[in-house]
Amino acid sequence: MQTFDAVVIGAGAAGLFCAGIAGQRGLKVLLLDHAEKVAEKIRISGGGRCNFTNRDALPANFLSANPDFCRSALARYTPADFIALVQRHRIAFHEKHRGQLFCDDSSDQIITMLLREMEAGQVQHWQPCAVAAVRTAGDGFELDTARGPVRSRQVVVATGGLSIPKIGASDFGYRLARQFGHRIVETRPALVPLTFDAADWAPFVPLAGVALEVGIHTGQGRRAGRFTEDLLFTHRGLSGPAVLQISTYWRPGEPLQIDLGAGQDLATQLREAKSLSRRQLGNELAQWLPQRLAGAWLAQQQLPAERPMPELRDRDIERLAQALARWTLIPNGTEGYRKAEVTAGGVDTRELDSRSLASKRQPGLFFIGEVVDVTGWLGGYNFQWAWASAAACAGALAAGIKAQ
Ligand code: FDA
């Protein structure tokens, strides 16, 4: 039976990075994955250009039942550290929007970089190779894999979340966590479009493709989310960065509040319009909103699009401005894991050590990346968590072997 210092299960962002660092620290590492291809999510990320980090990533950009958990790993492996690695590999990149860094060319460059780092660490890489069972044996673990049994002092679970099952996502990490007595914070699709009841949405179906900047808000207290981003109408509901961001905070049954003016003082502007313009209300609103949206929104609110602005009373204008700033909608669900960029929830961090990502229940067992209950905003944050949690774990793997 082959013996390793560490077996990493899952050759995605976190697993590849962790295996490379641990190998370069002198550990004998095996990385295995049940999928045909390596790092499929990196390949499709960022529209094929991989938004590989966010320059401004902070703990406040992550959600978790235990919000402080991510601090340690994020502080010890920062966006600047990953940018330095990307630069060492001569990968050209650019900033697109609010600190989001993308490859100029292709996300394949990030995969190649991670594979080179693994080669430098002489990591063994078995793929496709499923794992049927993991059990404790002596001072380590025994794994039944599709290529035979292996023994390892340490096991790292980097099997990601449930989104996009057709490219390899599985619940393996959660099952393994439960096997060793870990609790799972309920999982749900996140960074995902939201849907509405078909009858309620019918008036907005013709708006599919319309986009505009909005303010968006949901939840209360610690669970409140608030963003100003672009919103996109779809045939079944809403998408675009504003909605993907808010979806991570949204819970079934809760309303969304959308500020169609994106923070502008619409009451003042509408009062001015009333005194200056003889336009009809629908045409006036079309100065601020896409014309088709202005019409559909006024119809939904049962407001008279044809009424000339001067005929509106001041209190009508106040009400109109308030309704535009607080358009309240209750989604009936999400587009699910099929369309979700990430899975919120996961292995409960209260049973993991925040410096090393080690299990507090089973010595030698580690959980990194998206399988852990740490979920980043849209914009490169989830990869930064994958890199940071992988680096924290790799350091601990090396220290664990040296200590023996
Ligand atoms: P990841 O999912 O990358 O890897 C898990 C690996 O485990 C997979 O290779 C899988 O095959 C393997 N596996 C699963 N079950 C297994 C089993 N039973 N046995 C063996 N192997 C198993 N984030 C970001 O920061 N910037 C971006 O631009 C994007 N863009 C983006 C686009 C799309 C379409 C999606 C779906 C997601 C993103 N993301 C993103 C999110 C990002 O891709 C995600 O958070 C990271 O890939 C998570 O890294 P992990 O290594 O934890 O899981």
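What percentage of the 404 residues in the protein chain is buried? Buried residues make up 56% of them. Here, buried means under 20% relative accessible area, exposed means over 50%, and partly exposed lies in between, with a 1.4 Å probe and protein chains only.

This is a predicted model, in which local features need pLDDT of at least 70, side-chain atom pairs count only at pLDDT 80 or more, and totals for chains, interfaces and linings use all residues. Residues are numbered from 1 along each chain as its sequence is written, and side-chain values use heavy atoms, with hydrogens and water left out.

**The chain as a whole**

The protein chain has 13 helices and 21 strands. Helices (H or I, at least four residues) and strands (E, at least two) are DSSP runs, numbered from the N terminus. Along the principal axes, the C-alpha atoms fill a box of roughly 85 × 40 × 35 Å. Among contacts with a separation of 6 or more, 74% come from residues 24 or more positions apart. A contact means heavy atoms within 4.5 Å.

**Strand pairs**

Strands of a sheet pair through backbone hydrogen bonds, either parallel or antiparallel. Two strands count as paired if DSSP finds at least two bridges between them.

| Pair | Bridges | Residues opposite each other |
|---|---|---|
| S3 and S6 (residues 100-103) | three bridges | Thr 53 and Leu 101 |

Strand S9 (residues 140-145) is mostly covered, with five of its six residues buried. S9 takes part in two hairpins. In the hairpin of S8 and S9, two residues lie between the strands, and Gly 138 takes a positive phi near 60 degrees. The hairpin of S9 and S10 also has two residues between its strands.

An open sheet has three strands in the order S3-S6-S5, paired antiparallel. Its edge strands are S3 (51-54) and S5 (93-95), each pairing on one side only. Neighbouring strands of this sheet are turned by 25 degrees against each other on average, direction ignored.

Helix H4 lies across S3, S5 and S6. H4 runs at about 140 degrees to S3. Axes are lines fitted to C-alpha atoms, for helices over the stretch in contact, and angles run from 0 to 180 degrees between N-to-C directions.

H4 (residues 79-88) also packs against helix H5 (residues 108-120), at an angle of about 90 degrees and with the axes 10 Å apart. That makes the two helices roughly perpendicular. Angles under 35 degrees count as roughly parallel, over 145 as roughly antiparallel, 65 to 115 as roughly perpendicular and the rest as oblique.

Which residues of H4 and H5 meet? Phe 82, Leu 85 and Val 86 in H4 meet Ile 110, Met 113 and Glu 117 in H5. The residues of this contact divide into five nonpolar, no polar and one charged. Ala, Val, Leu, Ile, Met, Phe, Trp, Tyr, Cys and Pro count as nonpolar, Asp, Glu, Lys and Arg as charged, and the others, Gly among them, as polar.

**Helix H9**

Helix H9 spans residues 266-276. Its buried residues are Leu 266, Ala 267, Leu 270 and Ala 273. Seen down the axis of H9, they fall within an arc of 125 degrees, so they line one face of the helix. The arc is that of the directions from the helix axis to the C-beta atoms. On the other side of H9, Ser 275 and Leu 276 are exposed. What covers the buried residues of H9 includes helix H10 (281-285) and helix H12 (314-325).
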